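Subject: Structure handover

Hello,

Please take over the structure below. Have a look at it first, then read my notes.

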Amino acid sequence: MSSENLDILLVEDNQDDLDLALHALRRENLADKILVVRDGEEALDFLFCRGKFAGRSVDQAPKLVLLDLKLPKVDGMEVLKQSKSDPRLKSIPVVIMTSSKEERDLVASYNLGANSYIQKPVDFDRFREIVKSAGLYWMVINQRPLSNPAQASRAASQP
């Protein structure tokens, strides 16, 4: 899939959760272009234009990142930390979607710059409803700069 004009980067390793999230987002027409990556390393490669994503530009940033915390290779906290510490990426909204009930994960996520923290419900219908609501808010209701986040960051830093 081309990453140009990407709506959502979905970082999820659980196939059931992935299927439900994609179904909810597509059913409600909340995102046309969704790129799925299955681990934290692949998410960082995408965001920082490395590895198989080396040919893309950081200017082709997603409008939203839906990020699980419990991921193979590199966990979601590290993905969040690295992306929010980079001026080119920090304005991209990152919504944590996790099964973690740990207060420390919630606090750490916000301290690292998460824009929202959603605990995945066990009930499938409720999970779909939550993904739909999150997608509606971040893709339709939320106001974001007209230019992509990387371009806006560069423009803001110029004298």
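Here is what was found, from the whole chain down to single residues.

This is a predicted model, so mind the limits: local features need pLDDT of at least 70, side-chain atom pairs count only at pLDDT 80 or more, and totals for chains, interfaces and linings use all residues. Residues are numbered from 1 along each chain as its sequence is written, and side-chain values use heavy atoms, with hydrogens and water left out.

**The whole chain**

The chain has six helices and five strands. Both are DSSP runs, numbered from the N terminus: helices are H or I with at least four residues, strands are E with at least two. Along the sequence the order is β-α-β-α-β-α-β-α-β-α-α. The chain has 159 residues, and 48% of them count as buried. Buried means under 20% relative accessible area, exposed means over 50%, and partly exposed is in between (1.4 Å probe, protein chains only).

Contacts come next; a contact means heavy atoms within 4.5 Å. Take those between residues at least 6 apart in sequence: 66% of them join residues at least 24 apart.

**Helix α1**

Helix α1 covers residues 15-27, which makes 13 residues. The expected span is 1.5 Å times one less than the number of residues. That gives 18 Å for α1, and its end C-alpha atoms are 18 Å apart, so the two agree.

Which residues of α1 are buried? They are Asp17, Leu18, Leu20, Ala21, Leu22, Ala24 and Leu25. These buried residues pack against β1, β2 (34-37), β3 and α5.

At the start of α1, a side-chain oxygen of Asn14 comes within 3.0 Å of the backbone nitrogen of Asp16. Just after α1, Asn29 has a positive phi of about 55°.

Most residues other than glycine have a negative phi. Cys49 is not a glycine, yet its phi is positive, near 55°. Cys49 sits in the loop between α2 (40-47) and β3 (64-67). Is Cys49 buried or exposed? Cys49 counts as buried because its relative accessibility is 15%.

Lys73 is not a glycine either, and its phi is positive at about 70°. Lys73 is in the loop between β3 and α3 (76-84). Lys73 counts as exposed because its relative accessibility is 65%.

**Leu6**

Leu6 is in the segment before β1 (8-11). Leu6 has a relative accessible area of 1%, so it is buried. Leu6 and Lys33 are 27 residues apart along the chain, but their C-alpha atoms are separated by 5.3 Å.

**Asp105**

Asp105 belongs to helix α4 (residues 103-111). Asp105 counts as buried because its relative accessibility is 10%. Which residues does Asp105 touch, not counting those up to four places away in sequence? They are Leu69, Lys70, Met77, Ser100 and Tyr117. With Ser100, the side chains make a polar contact at 2.5 Å. A polar contact is a pair of N or O atoms within 3.5 Å; within protein, one must be able to donate a hydrogen and the other to accept it, and residues adjacent in sequence count only if both atoms are side-chain atoms.

**Tyr137**

Tyr137 lies in helix α5 (residues 124-141). Tyr137 counts as partly exposed because its relative accessibility is 36%.

Best wishes
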